[in-house]
Amino acid sequence: MPKEKFVGEYPINASKKMLYPYFSTASGLAQWFADDVNIDEDKVYTFLWDGDENKAKMVSSRTNSHVRFEFIEEDGDEDDPTYVEFKLDMNELTQEVFIRVTDYSDIDQEEVNDLYESLISDLKEIVGG
């Protein structure tokens with residue numbers, strides 16, 4: 001199945017500063033994004049979902065702004081890596097914060113939309129937003 005880019009935007013009632021650790025730390029990600037997340041000494045993140053292990057590197061980050069993880073695929077195309085990016089944007093007019101999720105993978109678009117709707121809902125419950 002070819003990879004497709006999914007982009008979703010989700011409003012949330014929380015500050016960028018409060019949200020950022022939920023995207024940038026293993027403990028934060030483990031609370032809402034994966035069943036468990038660990039980081040090794042080489043700064044490789046191991047995401048556990050339903051018993052499956054997926055390894056990724058944080059390839060880009062800016063404090064209180066965005067985080068991007070590229071997944072390490074043993075037999076994958078290094079020129080076209082699977083990735084997930086979380087951006088925290090604010091509407092300057094309304095001061096509303098949005099989480100923009102970009103997921104580039106081979107997951108069905110409808111399935112990935114449902115997945116992020118559920119994950120962001122879980123995050124909103126955690127942060128009270």
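Predicted model: local features only at pLDDT ≥ 70, side-chain atom pairs only at ≥ 80, totals over all residues.
Visitor: Which residue does E9 pair with in a salt bridge?
Guide: A salt bridge here is a side-chain nitrogen of Lys or Arg within 4 Å of a carboxyl oxygen of Asp or Glu. The closest N and O atoms of E9's pair are 2.8 Å apart, and the partner is R100. E9 lies in strand 1 and R100 in strand 7 (residues 97-105), so parts 91 residues apart in sequence get tied together; strands (E, at least two residues) and helices (H or I, at least four) are DSSP runs, numbered from the N terminus. So the partner you want is R100.

Visitor: And which residues make up the salt-bridge network around R100?
Guide: R100 also meets D89, side chain to side chain, at 3.1 Å, N to O. That pair links distant parts of the chain, with R100 in strand 7 and D89 in strand 6, 11 residues apart. D89 is partly exposed at 25%, and R100 is partly exposed too, at 28%. Put together, the network links E9, D89 and R100.

Visitor: How far apart in sequence are the parts that E73 and K3 tie together?
Guide: The whole structure has five salt bridges, and E73 with K3 is one of them, at 3.5 Å, N to O. E73 sits in the loop between strand 5 (66-71) and strand 6 (83-90), K3 in the segment before strand 1 (4-12), so the separation comes to 70 residues.

Visitor: Over to H66: which side chain does its own side chain touch in a polar contact?
Guide: H66 is in strand 5 and is buried, with a relative accessible area of 14%. Beyond neighbours within four places in sequence, its contacts (heavy atoms within 4.5 Å) are Y20, S60, S61, E85, F86 and K87. A polar contact is a pair of N or O atoms within 3.5 Å; within protein, one must be able to donate a hydrogen and the other to accept it, and residues adjacent in sequence count only if both atoms are side-chain atoms. At 2.8 Å, the side chain that H66 meets this way is that of S60.

Terms used: Residues numbered from 1 in each chain as written. Heavy atoms only, no water. Buried < 20%, exposed > 50% of the residue type's maximum accessible area, 1.4 Å probe, protein only.
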